[in-house]
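This report describes how parts of a protein assembly meet one another. Please keep the sequence and the structure in view while reading.

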Amino acid sequence: MDANDTAVFTYPRSLSRTPTHYCPGCLHGVAHRLVAEAIDALGVREKTVGICPVGCSVLAYKYFDCDMIEASHGRAPAVATGVKRARPDLVCFTYQGDGDLASIGMAEIIHAANRNEPITVIFYNNAIYGMTGGQMAPTTLVGMKTSTSPTGRDPIDRGAGYPIRMVELLNTLEGPVYLARQSLLSSADIFRARRVVQRAFSLQSKGFTFVEFVGTCPTNWGMAPVEAREWAQKRMIEVFPIGVFRDREAEAAKASAAKEA
Amino acid sequence: MGEKILMKGSEAIAEAAVRAGCKLFFGYPITPQNEVPEYMSKRLFEVGGQFVQAESEVAASNMCYGAAAVGHRVMTSSSSPGVTLKQEGLSYCAGSELPVVVVNVMRGGPGLGGIQPAQSDYFQATRPGHGDFRYIVIAPATIQEAVDLMMDAFDLADRYRNPVMVLADGLIGQMMEPVVFREDPPKEYDKSWACTGCAGREKNIVNSLYLDPKDLEDHNFHLFRKYDEVEKNEIRVEEYLMEDAEVALAAYGTTARICKTAIGLLRAQGFKVGLVRPITLWPFPYRTFRKVADRVRFVLDVEMSMGQMIQDVRLGVVERCPVHFYGRVGGMVPAPVEIVQQVQRLLAE
Amino acid sequence: MQYEVIIAGFGGQGVMLIGQLLANAAMLQGSKTVWMPSYGPEMRGGTANCTVVVSDEDIGSPVVPRPGAAIVMNLPSMDKFEPLVVPGGLLVVNASLVARKAERTDLDVVYVECNRLAEEQVKSPRSANMIALGAYIGKTGAATPEIVKYAMAKKMVGKERFLEANKAALDLGIRLAQGEAG
């Protein structure tokens, strides 16, 4: 690099240099990077403990360059609860997929949110079980074909249920401080997602913060990466709408500003 | 030594944990051990600790996993059906080599079973969850012993970085006896492996996943070298009136106390009967039984189960003498006189 | 020497409490002791009982199928535990709530109208259980009155008014058992 050059794009300190095992076109790598950038931006790498799930991101403990704990399937929020109750001074995040968080780990996520545990949950929703080979997930869209819903998810005749909207579900609880959903489907979306993740981490000391990413799974959807993003944009966003559903701090600031005015 | 106080078993166990430096409790209500979480929900906040009533036993054991992963002393307690659910988190603790103490106040089963005392979790304790691993299992017979073993349990867990199960029955949980708490301060252990933030060092990983078969085999070999050490160092067993015994009773926990009363009655009638009481159920005192087997006419194994520990007793005896069984289940507690009658009947055969 | 007593009655009659008092007193006088409750799924209104063993030596079985004594505070407890007391053992009967006499002839039976006496003489209806405990220790000497009162005082810090009533009730029970009052 010449002395006059300015680095506009660097490798996040909180991401290790280990090549990931993710499939071509998968957006987990993007999501990892956003998390690592948030940790760097807040300067908390040396007091961060990450909890990884079971699922495609099971090996995330290799990819983040901070202390990492591998949880059993769905229990990351319980493990994070143990971490923060023992060491409230640490920063703690969980990184979970849709099967892990919204199916087997439903009890753990709901109750960690309800207790307002001061953790940041990163939820990667791509509507399918990737690691195990493309089975139906709790967030699989109605009609979507998977290896365990071969004729398409059928909530009526086959009793396969409907896609679960986690942010909306958590938004019924009194506890959480921050709840947001953002897609990773375009560059503009990723820029917005970066702000959302940083906001979540910055509010962690106040309580439970939750970011859902709408992502893709080109491999198990049987699509090319670009096609997968287009499909997600067209089909997933209408079921999983984007937005900040709750920001208690912003609401409080707004309320106090209104009071002063 | 401190003052002698009359305490209920469950509460004494909880207090012993606090005095051993445990400031974190994660649990879920289940009879007959509710006095443990109830006690902790008050006591831990007095000592600057934390108590969480978890959403399930599964979650509770995984909260323990998290707290242990950052290097803190932590415990949970439950009763038989709840312990089944805790097996998940505890297998991960064993695989990741995390020290956790779990109290199991056993009740009758299978299924929902009942809420009265039983010893039907011997298998669940000594042949635990999924994968090749062990809990160190200790079984108190008095409240004083429960208190002492509870404090030892945290040291064993830390020394061997492994889950320790304190296996009590509903009687131990519910009865009151005088206890005195040891006042030695908790020992310090190296916990440089803990996930406390990577300031000034490489990152730490707490993990039980080894996708490469060779790595996983090596990990299992490592765990079992550790278990060999436990077997070498930590076996505890009481031999009661065994010097001249012609008959050995084998029992643990409350059943062993009932056997002692039976032995008193039998000795008053001139029968030379003694007791071998395993205090550690794993590691099991096989050698004691092998030694005893050469000297007695038979061993009578007495349990509040359909016969679980008897498998280990037989492994120890190795057919050197007959091993008989007497058990009551479902919350029925054997009376001393029942054991007396069994011994008399077997001697008359 | 070993004393075993089953104390039984309705929930709310304070049978668990006097069992714990006896165990505490036994501990304070240097004896070995065990207090063992029976428990069921119901929280209120059922029958409650506990067993207390007091001994010079280490106590084996905490469960005593045939106790040396029973204190029965109501009729269901009388029906259940009268047959279990060992021959020659002691039965303390709360005659206020147990209308019948003992069927066994091989027991030392003490009838005490605990509820009536608590109300009329001690002026403390809730002290009926202490009269029964007094009768038991008066008969057996399992623990001395002084040490039971000391255990009471330790347990009832902040409830001094009840403490005095309970001490009086205990003394009354002892006198009745020893045939000095009635």
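## Contacts among the chains

The model discussed here is predicted. Two pairs of chains are in contact, and of these, chains A and B share the most contacts. Chain A and chain C are not joined by any contact; the closest C-alpha atoms of chain A and chain C lie 27 Å apart.

## The interface of chains B and C

To the contact between these two chains, chain B contributes 24 residues and chain C contributes 19 residues. About 1,700 Å² of area is buried between chain B and chain C, and carbon and sulfur atoms give 69% of this area. On the side of chain B, the residues that lose the most area to chain C are B:Leu6, B:Met176 and B:Arg257. Together they account for 30% of what that side buries.

The count of salt bridges between chain B and chain C is one. The partners are B:Glu3 and C:Lys154, with their closest N and O atoms 3.2 Å apart.

## Helix packing in chain A

Two packed helices are described by the angle between their axes and the distance between the axes. In chain A, helix α1 (residues 28-42) packs with helix α7 (residues 187-202) at an angle of about 50 degrees, and their axes are 9 Å apart. Because of this angle, α1(A) is oblique to α7(A). The crossing of α1(A) and α7(A) is right-handed.

From α1(A), the residues that meet α7(A) include A:Val30, A:Leu34, A:Ile39 and A:Leu42. Among their counterparts in α7(A) are A:Ile190, A:Val197 and A:Phe201. By class, the contact of α1(A) with α7(A) comprises 11 nonpolar, two polar and two charged residues.

## Helix packing in chain B

In chain B, the axes of helix α1 (residues 9-19) and helix α2 (residues 35-46) come within 8 Å and cross at roughly 40 degrees. The angle therefore makes α1(B) oblique to α2(B). The crossing in which α1(B) passes α2(B) is right-handed.

On α1(B), the contact is made by B:Ser10, B:Glu11, B:Ala14, B:Glu15, B:Ala17 and B:Val18. On α2(B), the contact is made by B:Glu35, B:Val36, B:Tyr39, B:Met40, B:Arg43 and B:Leu44. The contact of α1(B) with α2(B) divides into seven nonpolar residues, one polar residue and four charged residues.

Key: Residues numbered from 1 in each chain as written. Chains lettered and ligands numbered in written order. Predicted model: local features only at pLDDT ≥ 70, side-chain atom pairs only at ≥ 80, totals over all residues. Heavy atoms only, no water. Axes fitted to C-alpha atoms, helices over the stretch in contact; angles between N-to-C directions. Helix = DSSP H or I, 4+ residues; strand = E, 2+ residues; numbered from the N terminus. Parallel < 35°, antiparallel > 145°, perpendicular 65-115°, else oblique. Left-handed = near helix turned anticlockwise from the far one by under 90°. Contact = heavy atoms within 4.5 Å. Nonpolar A, V, L, I, M, F, W, Y, C, P; charged D, E, K, R; others polar. Buried area = accessible area lost by both parts, 1.4 Å probe. Salt bridge = Lys/Arg side-chain N within 4 Å of Asp/Glu carboxyl O.
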